[in-house]
Amino acid sequence: MKRILLTLASLICLTGCASMPHIVILNDPLKAQEHADLASIYEEKGEYDLAIREGEEAVKMDSRNLKGLIALGNSHLQKGNYDKAERYYKKAMKIDPKNGDLLNNTAMLYLSTGRLDEAERLAKEAIATNSPHAGYYYDTLGKVYEKMGKENEAGEAFEKVGELTKGSQ
């Protein structure tokens, strides 16, 4: 009888322990740059919500993480969150004001929101960086000119895209 009571008491204790809550402390093993890298990868794959999550983690850990800020701006731009995109692009420009891709992406934002004079200025600044991505920048400038109704300038910009693309093949 003693053995049965002992077994029963043990079972009750084990059952009670199994339902006790466990406290788990999570420690993020990733560094800010690793979160920013993930944000860029997700952005390239079109997984904008995941890119935003990782970009926010990167920027939370390092508010000057350029890659994270740009990924956040790009992802918000793609989702149509123009105010947020502009906020992240402006923060990134304070860190690297001569980044051609950043200038061009901000020009695309302004093109999307009808701020054509600003878009033109930034596209020209992007072209002036002499980046190997200049073809993209001329394409943006051409689209800005089209929207402005400047067909001749648009044609010249698109011609330049053709020249640069032809030279890179």
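Is the crossing of α2 and α3 left-handed or right-handed? The crossing is left-handed, and the legends below place this helix pair within a predicted model.

**Figure 1. Overview of the predicted model, a protein with 9 helices and 0 strands.** Along the sequence, the pattern reads α-α-α-α-α-α-α-α-α. The protein has 169 residues, and 36% of them are buried. Its accessible surface comes to about 10,900 Å². Carbon and sulfur atoms account for 55% of that surface. Among contacts with a separation of 6 or more, 45% are between residues 24 or more positions apart.

**Figure 2. Close-up of the crossing between helix α2 and helix α3.** Two packed helices are described by the angle between their axes and the distance between the axes. Helix α2 covers residues 32-44, and helix α3 covers residues 48-61. Their axes come within 7 Å and cross at roughly 160 degrees. An angle over 145 degrees counts as roughly antiparallel, so α2 and α3 are roughly antiparallel to each other. The crossing of the two helices is left-handed.

**Figure 3. Close-up of the residues where α2 meets α3.** On the α2 side, the contact is made by Ala 32, His 35, Ala 36, Leu 38, Ala 39, Tyr 42 and Glu 43. On the α3 side, the residues are Tyr 48, Leu 50, Ala 51, Arg 53, Glu 54, Gly 55, Glu 57, Ala 58 and Met 61. Sorted by type, the residues of this contact comprise 10 nonpolar, 2 polar and 4 charged.

Figure 4. Is His 76 buried or exposed? His 76 has a relative accessibility of 3%. Buried means under 20%, so His 76 counts as buried. Leaving aside residues up to four places away in sequence, His 76 touches Ile 52, Asn 81, Lys 84, Ala 85 and Tyr 88.

Figure 5. The relative accessible area of Asn 130 is 68%. A residue counts as exposed when this value is over 50%, and therefore Asn 130 is exposed. Which distance separates the C-alpha atoms of Asn 130 and Gly 100? These two C-alpha atoms are separated by 8.1 Å, while the residues are 30 apart along the chain.

Conventions:
Residues are numbered from 1 along each chain as its sequence is written. This is a predicted model: local features need pLDDT of at least 70, side-chain atom pairs count only at pLDDT 80 or more; totals for chains, interfaces and linings use all residues. Side-chain values use heavy atoms; hydrogens and water are left out. Axes are lines fitted to C-alpha atoms, for helices over the stretch in contact, and angles run from 0 to 180 degrees between N-to-C directions. Helices (H or I, at least four residues) and strands (E, at least two) are DSSP runs, numbered from the N terminus. Angles under 35 degrees count as roughly parallel, over 145 as roughly antiparallel, 65 to 115 as roughly perpendicular and the rest as oblique. A crossing is left-handed if the near helix is turned anticlockwise from the far one by less than a right angle, and right-handed if clockwise. Contact means heavy atoms within 4.5 Å. Ala, Val, Leu, Ile, Met, Phe, Trp, Tyr, Cys and Pro count as nonpolar, Asp, Glu, Lys and Arg as charged, and the others, Gly among them, as polar. Buried means under 20% relative accessible area, exposed over 50%, partly exposed in between (1.4 Å probe, protein chains only). Accessible areas come from the Shrake-Rupley method with a 1.4 Å probe; for residues, only the protein chains shown count as cover.
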